[in-house]
Amino acid sequence: MISWDSWLLANELSIRLGFFFGIFLLMGAWETVKPCRPLRFPRWYRWCNNIGLVFLNSVMLRLLFPIAAVGVALTMEQEGYGLLNQFELPLLLNTVITIVVLDMLIYWQHVLFHRIPLLWALHKVHHADPDYDVTTGARFHPIEIVSSMLIKMVAIVLLGPSAVGVLIFEVLLNASAMFNHSNIQLPKTVDKVVRVFFVTPDMHRVHHSQIRQETDSNYGFALSCWDRLFSTYQAQPVKGHLGMDIGLRELSDPKLICTVKGMITLPFRR
């Protein structure tokens with residue numbers, strides 16, 4: 001009989017990919033039917049390159065980290081390492097703590113990638129996207145992706161969360177990134193309620209403004225509480241969602257900001 005741990009490890013990738021493609025198709029269809037902003041560049045051009053970078057990152061992560069974050073959590077559970085593994089917590093409570101702690105970690109990691117010049121050189125690949133849609137949410141430099149995975153794994157070793165909690169967090173993080181980067185706009189009353197708990201597209205779009213004060217706000221990916229708690233919240237862009245300028249003011253060459261080669265070499269260009 002296959003153990004729960006073995007089943008989870010064997011199906012972790014399938015579960016994450018299933019949610020990824022399902023949410024990607026949903027948000028892609030939504031922003032096609034009812035977009036918030038007109039796109040500056042042809043969708044096929046950006047999508048081919050953004051998705052190409054995502055594919056490259058996914059292959060690289062699988063080669064470098066065969067067992068991924070869920071595998072590390074399972075190992076910690078089996079060996080009894082990490083803070084939460086020292087207590088007999090109900091699975092639900094363990095999962096909630098896992099999601100909250102790891103989401104706060106992602107918030108602070110995001111802040112540091114903005115404030116440390118060497119890290120910003122990598123992270124600006126994400127911000128250099130001249131348009132804002134569902135593919136922007138997965139557009140990151142390979143070195144940033146590897147760095148994020150290493151940080152996450154260290155956190156899992158120290159925290160000792162349940163493997164189920166880590167898997168749910170991974171799914172939530174990817175789903176949130178695609179949702180809040182989508183080129184959609186929720187009705188104002190709905191947005192007002194949802195952003196009390198979760199980051200909405202209107203809330204995170206402010207973060208991709210060319211105005212530096214707005215770029216350095218709304219760092220949250222899933223839970224919206226961190227920006228309010230740590231005073232980095234800005235409700236709306238100064239120029240409005242239709243008037244705001246997306247991307248980085250100093251970067252405009254399509255070959256540099258829209259192609260896979262340009263995105264990979266961008267951090268190393270002066």
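User: Where is the place of Ile99?
Analyst: Ile99 is in helix H4. Helices here are DSSP runs of H or I with at least four residues, strands are E runs of at least two, and both are numbered from the N terminus. This is a predicted model, where local features need pLDDT of at least 70, side-chain atom pairs count only at pLDDT 80 or more, and totals for chains, interfaces and linings use all residues. Residues are numbered from 1 along each chain as its sequence is written, and side-chain values use heavy atoms, with hydrogens and water left out.

User: Is Ile99 buried or exposed?
Analyst: Ile99 counts as buried, at 15% relative accessibility. The cut-offs are under 20% relative accessible area for buried, over 50% for exposed, and partly exposed in between (1.4 Å probe, protein chains only).

User: How far apart are Ile99 and Glu170?
Analyst: They are 71 residues apart in sequence and 9.0 Å apart in space, C-alpha to C-alpha.

User: How many residues line the largest pocket, and which lie nearest its centre?
Analyst: There are 37 lining residues, with Arg16, Ser58, Leu61, Ile145 and Asn174 nearest the centre. The elements giving two or more residues to that lining are H1 (4–33), H2 (43–64), H4 (91–115), H6 (142–159) and H7 (163–180). H2 gives the most, with eight residues.

User: What's the lining like by class?
Analyst: It has 23 nonpolar, nine polar and five charged residues. Nonpolar covers Ala, Val, Leu, Ile, Met, Phe, Trp, Tyr, Cys and Pro; charged covers Asp, Glu, Lys and Arg; the others, Gly among them, are polar.

User: What span should H2 have, and what does it have?
Analyst: At 1.5 Å a residue, the 22 residues of H2 should span 32 Å, and its end C-alpha atoms are 31 Å apart, which agrees. The expected span is 1.5 Å times one less than the number of residues. Among the buried residues of H2 are Arg46, Trp47 and Asn50.

User: And H7, how many of its residues are buried?
Analyst: 14 of its 18, so H7 is mostly covered. From first C-alpha to last, H7 reaches 25 Å, close to the 26 Å expected.

User: Switching to rings. How many aromatic pairs are there?
Analyst: The whole structure has nine. Rings of Phe, Tyr and Trp (its six-membered ring) pair if their centres lie within 6.5 Å; planes under 30 degrees apart are stacked, over 60 edge-to-face, and the rest tilted. Phe24 and Trp47 have their centres 5.3 Å apart and their planes at 55°, so that pair is tilted. Phe24 lies in H1 and Trp47 in H2, so the pair ties together parts 23 residues apart in sequence.

User: What about Tyr107 and Trp108?
Analyst: Their centres are 5.2 Å apart with planes at 85°, so this pair is edge-to-face. Tyr107 is buried at 2%, while Trp108 is partly exposed at 34%.

User: Which ring does the charged end of Arg212 sit over?
Analyst: The ring of Trp120, 5.0 Å from its centre. Arg228 likewise has its charged end over the ring of Tyr233, at 4.5 Å. The test is NZ of Lys or CZ of Arg within 6 Å of the ring centre and within 35 degrees of the ring normal.

User: Last one: what's phi of Asn218?
Analyst: Near 50°, a positive value in a residue other than glycine. Most residues other than glycine have a negative phi. Asn218 lies in the loop between H10 (212–215) and H11 (225–229), and is buried at 1% relative accessible area. Ser231 has a positive phi too, near 60°, but Ser231 is exposed, at 68%.

Key: On a 1 Å grid over the protein atoms alone, a cavity is a set of points where a 1.4 Å probe fits but cannot get out, and a pocket is an open set with protein on both sides within 12 Å along at least five of seven lines; lining residues have an atom within 4 Å of a point.
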